[in-house]
Amino acid sequence: MEKPDELIDYGDAIDYWTSIPPTVDGVLGGYGEGTVVPVMDVLGSNHFLRKLKSRMVVEPGYKRVGCDVGAGIGRVTKTMLHKHCDVVDLVEPVEPFVAQMHQELEPLRQEGKIGEIYALGMQDFVPEKGKYWLIWCQWCVGHLPDEELVKFFRRCVEGLQPNGTIIVKENNTPTDTDDFDDTDSSVTRSDTKFKQIFEQSGLKLIATDRQKGLPKELYPVRMYALKPVA
């Protein structure tokens, strides 16, 4: 019997997301501006980053360069990430989302807050060595099989500045089993599975928090702050 992550198909995922309107409601699966989700999400992320402030001191000679992975239409960068970073790069493979992202982020680009926009999937993204203070992965790593996710995180480790941090914000299954969703060809992992993958990737968990205030019918959402082991 196939494991849930073995059912992931990149082409199916791209086809699904390309069919979705490039709006906040679209990228959040119908939980857009008319719901509490966007506001609570930003509040939770800001709170988590503030708690980590003393663990994320920028080394001399470096800037707070961020990377928004699986960035969609740029919602996380626009509402939250640009306030914590000097400049943000974005990674997103879905063409209509990238086109919308350029529009959404134009004011921030004019302020010099937007760096590179990579129209790539995570499986093809190779971060520039030593570039990033913060790599933020939200609601996207379910599109990579376990083995590819480990490879992705190892590349991210290479892309971190000294004292850089990776933050993963993702749905969790409430049990120790992973769930495959054939709608968008993604897998929802358990907390246990995430911790196994982090360990295999050479990452140590320095903080974790449950996102509060989301509708009860949704999966639990957890934030993980990670640093390289060595």
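**Note on the model: annotated site, pocket and cores**

1. Met-122 is buried, its relative accessible area being 7% (buried means under 20% relative accessible area, exposed over 50% and partly exposed in between, with a 1.4 Å probe and protein chains only). The model is predicted, so local features are taken at pLDDT of at least 70 and side-chain atom pairs at pLDDT 80 or more, while totals for chains, interfaces and linings use all residues. Residues are numbered from 1 along each chain as its sequence is written, and side-chain values use heavy atoms, with hydrogens and water left out.

2. Met-122 sits in the loop between strand 3 (114–118) and strand 4. Helices (H or I, at least four residues) and strands (E, at least two) are DSSP runs, numbered from the N terminus. Beyond its neighbours within four places in sequence, Met-122 contacts Val-69, Cys-140, Val-141, His-143, Leu-144, Phe-152 and Arg-155, where contact means heavy atoms within 4.5 Å.

3. The unreviewed UniProt entry carries a "binding site" annotation on Gly-70, Arg-75, Met-122, Gln-123 and Gln-138. UniProt positions are given in the numbering used here, feature names are shortened, and annotations may be inferred rather than shown by experiment. The lining of the largest pocket includes Gly-70, Arg-75, Met-122, Gln-123 and Gln-138.

4. Gln-138, another of the annotated residues, belongs to strand 4 and is buried at 5% relative accessibility. With neighbours within four places in sequence set aside, Gln-138 is in contact with Asp-41, Ser-45, Val-69, Gly-70, Arg-75, Val-76, Lys-169 and Glu-170. The side chains of Gln-138 and Asp-41 are joined by a polar contact of 2.8 Å. A polar contact is a pair of N or O atoms within 3.5 Å; within protein, one must be able to donate a hydrogen and the other to accept it, and residues adjacent in sequence count only if both atoms are side-chain atoms.

5. The largest pocket holds about 1100 Å³ of space. A pocket is defined on a 1 Å grid over the protein atoms alone, as an open set of points where a 1.4 Å probe fits, with protein on both sides within 12 Å along at least five of seven lines; lining residues have an atom within 4 Å of a point. Grid points are joined across faces, edges and corners, and the volume is the space filled by probe spheres set on the points.

6. The lining of the largest pocket comprises 50 residues, and those nearest the pocket centre are Trp-17, Val-27, Trp-139, His-143 and Asp-184. Two or more lining residues come from each of helix 1 (10–18), helix 2 (24–27), helix 4 (75–84), strand 5 and strand 7 (186–190). Helix 1 gives the largest share, 5 residues.

7. Trp-139 lies in the loop between strand 4 and helix 7 and is partly exposed, at 27% relative accessibility. The phi angle of Trp-139 is near 50 degrees, a positive value in a residue other than glycine. Asn-163, in strand 5, also has a positive phi, near 65 degrees, and Asn-163 is partly exposed at 30%.

8. Helix 4 is mostly covered, with 7 of its 10 residues buried. The buried residues are Arg-75, Val-76, Thr-77, Met-80, Leu-81, His-82 and His-84. Asn-46 of helix 3, itself buried at 13% relative accessibility, contacts Met-80 and His-84 when neighbours within four places in sequence are left aside.

9. The largest nonpolar core has 27 residues, among which Ile-135, Phe-152, Phe-153, Ile-166 and Val-168 touch the most other members. Such a core is a set of buried Ala, Val, Leu, Ile, Met, Phe, Trp, Tyr and Cys residues joined through side-chain atoms within 4.5 Å. At least two core residues come from each of strand 1 (65–69), strand 2 (87–91), strand 4 (132–138), helix 7 (146–159), strand 5 (160–173), helix 8 (191–200) and strand 9 (221–228). Helix 7 supplies the largest share, 5 residues.

10. Not counting residues up to four places away in sequence, Ile-166 touches Ile-135, Phe-153, Cys-156, Val-157, Leu-160, Leu-203, Tyr-224, Ala-225 and Leu-226. A second, separate core of 23 residues includes Leu-81, Val-88, Ile-114 and Trp-136.

11. Val-58 is placed in the loop between helix 3 (37–51) and strand 1 and is partly exposed at 27% relative accessibility. Val-58 and Trp-133 are 75 residues apart in sequence, yet their C-alpha atoms are 7.2 Å apart in space. Residues up to four places away in sequence aside, Val-58 touches Lys-63, Arg-64, Trp-133 and Gln-161.
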